[in-house]
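Keep the viewer open as you read.

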Amino acid sequence: MSNVLILAEHDGQQLNQSTAKAVTAAQALNPETINIVLFADEPESLATQAASLPGVKTVYAVKTDDNQWRLAAAIAPAIATLGQNHSHIFGPSTTFGKDVMPRVAALLGVNQVSDIMEVLDSHTFKRPIYAGNVIVTVKTPDNKPVVGTVRTASFKPADYTNEAASIEHQELKNAPTHSRFITLESGDSERPDLQTASTVVSGGRGVGSAENFQMIYDLADKLGAATGASRAAVDAGFVPNDMQVGQTGKIIAPDLYVAIGISGAIQHLTGIKDAGTIVAINKDPEAPIFEVADIGLVGDLFKIVPELTEKL
Amino acid sequence: MKILVPIKRVVDYNVRVQVKPDGSGVATDGVKMSINPFDEIAIEEALRLKEQGKADEVVVVSIGPDEAQQQLRTALAMGADRAILLQSGEAVQPLQAANALLKIVQEEQPELVIMGKQAIDDDNNQTPQMLATLWDRPQATFVSKLSLENNKATATREVDAGLETIEVELPAVISTDLRLNEPRFVKLPDIMKAKRKPLETRPLSDVTGDFSEQELTITQYEAPQPRQKGVMVESVDELITLLKEKGLVA
């Protein structure tokens, strides 16, 4: 039987939805137990949140100094130590999970299963390679722990319950001092979170400038949507990096994705292929985005987008 | 100070790979091969540090078939000083790669290892973090800005929440993200010069043991499920009507 340890992700106040998605992936193993480990300088309320995720037995709430919980090298040894009593150790396939989980795998002497998109059985998983152009089925060695990151767009978040798992408080000891957190600069957060929003409006190179992106924001506000961007728009300096959608940005699965002035490079498409409905607005009828779009509209985005915002 | 840059030979990022009809693998015969783009950024960053006088030697290392010498020669033409190829006819998984690189790190004693955050073939995103762990040194992953001062690296990392800046003591492992720099183009005279630069080859088995018990086995390759063909609309009104029918807008 499987005993799963899940690494929780949070921003200091709230658990990230990736944690509830990792719980869903863990449930697909029909495990005997699911435990959660979380690291924070003030873990109390986060631990309470984690304890109400379904089927969780124990939450290990590990108190750290200040920002140590953000540093992979600081927390990986404690995860690996707890992990020794588990058959599976899952983390989210977010920048946080991608940073720390391979360290856990190395400490346990295994290769990691990156970006799990489907659980077939306790040791068999599907994952994407070549930017999602190929899906492989991988089998992990029978007698070793499975360390994996869960591709968040592939799993629905587990619903929080009224039940409460037991919480075990610990303190992080002997963390290395060779790494130090300095700052985190985030874009404005007035709009819904890009990774969890049900509607996302994204702009690409075709939007033309940072000023023109106002058009994207206006449409997003009308739809109550999060805003995203292609790599080209980020590289051009129109918008900050945290808006990037795609292979090296965020992999998302909103119900509605509106791609404006985005040609649709394969690296971008891999970030949206789990979206419910994709709408593409582009002046080039040959743009690859139309190959994946459910609804396409060819034309001048500078006319179409204001009209759409007006009429919605 | 010495910088070690591990690089990987991969299918060029412009090639759209196809699964073999029998699902046994990916068709790579005759396709263009290149340096993994993230690794090319790593080479460029190391060269810039050398040009700023912050490093005095850039060593590139690869694990792969004999043909990976081409990618090492390209790195030498970009400006790296010497190259090491650990020959392996078979694909190497991250844990073994990290163990092999650790051996090279122990031999070469670099103060900085800069490498791509992931290879664009298997998209694992593991080897830099594993190398840092086995080496018992800090890491800064997904880096878009890097500066060195007083035996420390200050690195800005591209994270989901924005840009995170951390400071790590050297030696350390840095993994590169796309916006760290734009790699230089190689000029013809540099290609000629690179032919005279040292390139050492040795079997991978010289530096690592057997990792077959740790390997993940790929049992099937398949193409992703294609999305259903969509419809084209002619006007904003038509678009809004369709979105309303699907219940996606009020």
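Counting over all chains, you get 29 salt bridges. Keep in mind that this is a predicted model.

| Salt bridge | N to O distance |
|---|---|
| Lys2(B) and Glu108(B) | 2.6 Å |
| Glu107(B) and Arg202(B) | 2.9 Å |
| Glu158(B) and Arg179(B) | 2.8 Å |

Start with Lys2(B), whose salt bridge to Glu108(B) has its closest N and O atoms 2.6 Å apart. This one links distant parts of the chain: Lys2(B) is in strand 1 (residues 2-7) of chain B and Glu108(B) is in helix 3 (residues 94-108) of chain B, 106 residues apart. Are Lys2(B) and Glu108(B) buried or exposed? Both Lys2(B) and Glu108(B) are buried.

Next comes Glu107(B), which forms a salt bridge with Arg202(B) at 2.9 Å between the closest N and O atoms. Glu107(B) belongs to helix 3 of chain B and Arg202(B) to strand 11 (residues 199-203) of chain B, so their pairing ties together parts that are 95 residues apart in sequence. With a relative accessibility of 43%, Glu107(B) counts as partly exposed, whereas Arg202(B), at 14%, counts as buried.

Then look at Glu158(B) and Arg179(B), whose side chains meet in a salt bridge of 2.8 Å, N to O. Here too the pair links distant parts of the chain, 21 residues apart: Glu158(B) is in strand 8 (residues 152-159) of chain B, and Arg179(B) is in the loop between strand 10 and helix 5 (188-194) of chain B. Glu158(B) is buried, with a relative accessible area of 8%. Arg179(B) is partly exposed, with a relative accessible area of 23%.

Why does the pair Phe213(A) and Phe238(A) count as tilted? The ring centres of Phe213(A) and Phe238(A) are 6.3 Å apart and their planes lie at 55°, so the pair is tilted. Phe213(A) lies in helix 5 (residues 213-223) of chain A and Phe238(A) in the loop between helix 6 (231-235) and strand 14 (256-260) of chain A, so this contact ties together parts that are 25 residues apart in sequence. Phe213(A) is buried at a relative accessible area of 0%, and Phe238(A) is buried at 15%. Together with Tyr217(A), Phe213(A) and Phe238(A) form one aromatic cluster.

A charge meets a ring as well: the charged end of Arg70(A) sits over the ring of Phe181(A), 4.5 Å from its centre.

**The sheet in chain A**

Chain A has an open sheet of seven strands with parallel pairing, in the order 5-9-4-1-2-3-10. Strand 5 (112-116) and strand 10 of chain A stand at the edges with a single partner strand each, so one side of each has no neighbour in the sheet. On average, neighbouring strands of this sheet are turned by 20° against each other, direction ignored. Within chain A, strand 1 (residues 3-7) and strand 2 pair in the parallel sense over five bridges. Leu7(A) stands opposite Val37(A) in strand 2 of chain A.

**Backbone details**

Two asparagines are worth a look. Asn30(A) has a positive phi of about 45° although it is not a glycine. You'll find Asn30(A) in the loop between helix 1 (17-27) and strand 2 (33-40) of chain A, and at 59% relative accessibility Asn30(A) counts as exposed. Asn174(A) also has a positive phi, near 55°, in a residue other than glycine. Asn174(A) lies in the loop between strand 10 (166-171) and strand 11 (179-185) of chain A and counts as exposed at 79% relative accessibility.

Back in chain B, a cis peptide bond joins Leu170(B) and Pro171(B), with omega about -5°. Pro171(B) is in the loop between strand 9 (162-169) and strand 10 (172-176) of chain B.

Technical notes. Residues numbered from 1 in each chain as written. Chains lettered and ligands numbered in written order. Predicted model: local features only at pLDDT ≥ 70, side-chain atom pairs only at ≥ 80, totals over all residues. Heavy atoms only, no water. Phe/Tyr/Trp six-rings, centres within 6.5 Å; stacked < 30°, edge-to-face > 60°. Helix = DSSP H or I, 4+ residues; strand = E, 2+ residues; numbered from the N terminus. Buried < 20%, exposed > 50% of the residue type's maximum accessible area, 1.4 Å probe, protein only. Lys NZ or Arg CZ within 6 Å of the ring centre and 35° of its normal. Salt bridge = Lys/Arg side-chain N within 4 Å of Asp/Glu carboxyl O. Pairing = 2+ DSSP bridges. Axes fitted to C-alpha atoms, helices over the stretch in contact; angles between N-to-C directions.
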